[in-house]
Amino acid sequence: MGSTAQPTADPPQSDADSDAAIKAHIEDLVATQLPSSAIYNFLLSDVRIQSATKGAVTARLLLTRNHINSSGGIHGACSAAIVDWAGGMAVATWDLRRRTGVSVDIHVTYLSSAAEGDEIEIAAFADKVGGSLAFTRVVISKVVDGETGPVIASGTHTKFVKQR
């Protein structure tokens, strides 16, 4: 009896491989698309992606004078722009899309503050990405002694994502 060769398939990707591909995709979006947006480039040129998995992105950013209001705290408009950007990045993790849609609404709740020189952590989650709409949540926290500290702002962001 002869042996029959069985076709071999590529081994399934491990979660670590998949997460690495998702993180690489988000880092590529930051490197290639962020510079073409004046506001994102102004506010987020130094953002660092910490992790990315399907439906979630975590990033960190050192606050500079560009992020601060006249009272010395993180500007509300800066927090709102971060919610906008991070919600889009969470959508991009869903299926490695490059186009993350347009905003339908953004809600931001301001809970505390951070100052120039403080580091913040941005945690974004795509709760649902459908055929037309995506629903995201974003939490911006102060980093204290290298760890996630008090929440500065939290937001929700709905995006129209229907692709043509």
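Serine 79 counts as buried, at 1% relative accessibility (buried means under 20% relative accessible area, exposed over 50%, partly exposed in between, with a 1.4 Å probe and protein chains only). This is a predicted model, in which local features need pLDDT of at least 70 and side-chain atom pairs count only at pLDDT 80 or more, while totals for chains, interfaces and linings use all residues. Residues are numbered from 1 along each chain as its sequence is written, and side-chain values use heavy atoms, with hydrogens and water left out.

**Serine 79**
- Serine 79 is part of helix 3, residues 76-95 (helices, H or I with at least four residues, and strands, E with at least two, are DSSP runs numbered from the N terminus).
- Leaving out residues up to four places away in sequence, serine 79 touches Ile74, Tyr110, Ile140 and Ala153 (contact means heavy atoms within 4.5 Å).
- Serine 154 is 75 residues from serine 79 in sequence, yet their C-alpha atoms are 8.7 Å apart in space.

**Strand 2 and its partners**
- Strand 2 (residues 56-62) is largely enclosed by the rest of the structure, because six of its seven residues are buried.
- Strand 1 (residues 48-53) pairs with strand 2 in the antiparallel sense over five bridges (two strands pair if DSSP finds at least two bridges between them).
- Alanine 59 in strand 2 is the bridge partner of isoleucine 49.
- The hairpin of strand 1 and strand 2 has two residues between the strands, and glycine 55 takes a positive phi near 90 degrees there.
- Strand 2 also pairs with strand 4 (residues 119-129), in the antiparallel sense and over seven bridges.
- Arginine 60 has glutamate 121, in strand 4, as its bridge partner.

**Nonpolar surface patch**
- Val102, Val104, Leu133, Phe135 and Phe160 form a nonpolar patch on the surface, with about 420 Å² of accessible area together.
- Patches are made of residues with over 30% relative accessible area and no salt bridge, with like charges joined within 9 Å and nonpolar side chains (Val, Leu, Ile, Met, Phe, Trp, Tyr) within 5 Å.
- A salt bridge is a side-chain nitrogen of Lys or Arg within 4 Å of a carboxyl oxygen of Asp or Glu; accessible areas come from the Shrake-Rupley method with a 1.4 Å probe, and for residues only the protein chains shown count as cover.
- Strand 3 (102-110) and strand 5 (133-144) each supply at least two residues of the nonpolar patch.
- Leucine 133, in strand 5, is partly exposed, with a relative accessible area of 33%.

**Threonine 158**
- Threonine 158 lies in strand 6 (residues 147-160) and counts as buried, at 12% relative accessibility.
- Its contacts, not counting residues up to four places away in sequence, are Val102, Ser103, Val104, Asp105, Leu133, Ala134 and Phe135.
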